[in-house]
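Please read the points below beside the sequence and the model, and check each one by eye as you go.

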Amino acid sequence: MQTAKIVGNLVMSHAHPSVAGNGLFLCQPIDENGENFGELVVAISPFGGGIGSKVLISTDGSATREYVGDKRSPLRNSAVCVIDD
């Protein structure tokens, strides 16, 4: 699991069917001090959130694929909660 901040929305003209109905967000991993580190991560967010929201990201691809109901989905990362300040 990784703490991150949503920094953008991902918009695609074509996508795998398992992406339909799920918002895809660009997330910047942050450290315990809220400082950016590492590369951006693409994640679905079934719990909402928007640009500027802090989220906890799971990299458990099997849980993400189970959530979207497609064992062949290319999705791996999901925001499992929105963190309140």
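Which residues does asparagine 22 touch, not counting residues up to four places away in sequence?

1. Asparagine 22 touches Ile44, Tyr67 and Val68 once residues up to four places away in sequence are left out, where contact means heavy atoms within 4.5 Å. Asparagine 22 lies in the loop between β1 (2-9) and β2 (24-29), and the strands and helices named in this note are DSSP runs numbered from the N terminus (helices H or I with at least four residues, strands E with at least two).

2. Before going further, please keep in mind that this is a predicted model, in which local features need pLDDT of at least 70 and side-chain atom pairs count only at pLDDT 80 or more, while totals for chains, interfaces and linings use all residues. Residues are numbered from 1 along each chain as its sequence is written, and side-chain values use heavy atoms, with hydrogens and water left out.

3. On confidence, the mean pLDDT of the chain is 87, and 100% of its residues reach 70 or more; pLDDT is the predictor's confidence in each residue, from 0 to 100. The lowest confidence is found in helix α1 (residues 61-68), with a mean of 84, and the highest in β1, at 94.

4. Is asparagine 22 buried or exposed? Asparagine 22 counts as buried because its relative accessible area is 18%, and the cut-offs are under 20% for buried, over 50% for exposed and partly exposed in between (1.4 Å probe, protein chains only). Asparagine 22 and asparagine 33 are eleven residues apart in sequence, yet 30 Å apart in space, C-alpha to C-alpha.

5. Glutamine 28 has its place in strand β2, and it counts as buried because its relative accessibility is 11%. Not counting residues up to four places away in sequence, glutamine 28 touches Ala4, Lys5, Val7, Asn36, Phe37, Gly38 and Leu40.

6. For the chain as a whole, the radius of gyration is 12 Å, which agrees with the value near 12 Å that a compact globule of 85 residues would have; the radius is taken over C-alpha atoms, and the globule rule is 2.2 Å times the number of residues to the power 0.38. The C-alpha atoms fill a box of roughly 35 × 25 × 20 Å along the principal axes, and buried residues make up 32% of the 85 residues.
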